[in-house]
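Please read these points with the model open beside you.

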Amino acid sequence: MFEVKTLDKPDERRDFPRGHLEAVHLTGLDFAVATFEPGWRWSESVGPIAGTESCQIHHNGYVVQGRMRIRMDDGAEGEVGPGDVFVCAPGHDAWVVGDEQCVVHDFAGAMAQQYAKAG
């Protein structure tokens, strides 16, 4: 099997306040590119869509551009930026740091399948 798709023609796009997600779905891989604008915060922009207190999506991410701060429900907190590869378990809030948009590639699958869809 060999399968290729281009992000120039994503299978779907989901818009949400101060950002959007583009996803491609392949056999065994759901891949998402999320763009978050300055001022974006999960609890304000996506939380009302998801209907949960915190983000319940697991992320395997790579930051292409910008910076994002992540606070876990247990209070642990950290920041990711360009070139960082990260894993983030469900149960967190996140927000863009600074005045540059943050672009994240997510390989975990759940983001491409479920993120910013009504729960």
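1. G91 lies in the loop between β7 and β8. Helices (H or I, at least four residues) and strands (E, at least two) are DSSP runs, numbered from the N terminus. At 6% relative accessibility, G91 counts as buried. Buried means under 20% relative accessible area, exposed over 50%, and partly exposed in between, with a 1.4 Å probe and protein chains only. G91 and D73 are 18 residues apart in sequence, yet their C-alpha atoms are 5.4 Å apart in space.

2. A note on the basis. This is a predicted model, where local features need pLDDT of at least 70 and side-chain atom pairs count only at pLDDT 80 or more, while totals for chains, interfaces and linings use all residues. Residues are numbered from 1 along each chain as its sequence is written, and side-chain values use heavy atoms, with hydrogens and water left out.

3. Strand β8 covers residues 92-97, and five of its six residues are buried. Its pairing with β5 (residues 67-72) is antiparallel, over six bridges. Two strands pair if DSSP finds at least two bridges between them.

4. What is the strand order of the open sheet of six strands? The order is β1-β2-β3-β9-β4-β7, with antiparallel pairing. β1 and β7 (85-88) stand at the edges with a single partner strand each, so one side of each has no neighbour in the sheet. On average, neighbouring strands are turned by 25° against each other, direction ignored. Here axes are lines fitted to C-alpha atoms, for helices over the stretch in contact, and angles run from 0 to 180 degrees between N-to-C directions.

5. Now the β1-β2 hairpin. Strand β1 (residues 12-16) pairs with β2 in the antiparallel sense over five bridges. F16 has G19 in β2 as its bridge partner. Two residues sit between the strands, and R18 takes a positive phi near 65°. Strand β2 (residues 19-26) is mostly covered, with six of its eight residues buried.

6. Eight bridges join β2 to β3 (residues 29-36), and the two run antiparallel. V24 stands opposite F31 in β3, and H25 has D30 as its bridge partner.

7. On the surface, L29, Y62, V64, V85 and F107 form a nonpolar patch with about 440 Å² of accessible area together. Patches are made of residues with over 30% relative accessible area and no salt bridge; like charges are joined within 9 Å, nonpolar side chains (Val, Leu, Ile, Met, Phe, Trp, Tyr) within 5 Å. A salt bridge is a side-chain nitrogen of Lys or Arg within 4 Å of a carboxyl oxygen of Asp or Glu. Areas come from the Shrake-Rupley method with a 1.4 Å probe; for residues, only the protein chains shown count as cover. V64 belongs to strand β4 (residues 59-65). V64 counts as partly exposed, at 38% relative accessibility.

8. Last, the cysteines. How many disulfides does a search of the whole structure find? It finds zero. A disulfide is a pair of cysteine sulfur atoms within 2.5 Å. The closest cysteine sulfur to that of C88 is in C55, 7.2 Å away and so too far for a bond. For C102 the closest is in C88, at 12 Å, also too far. C88 is buried at 4% relative accessible area, and C102 is buried at 0%.
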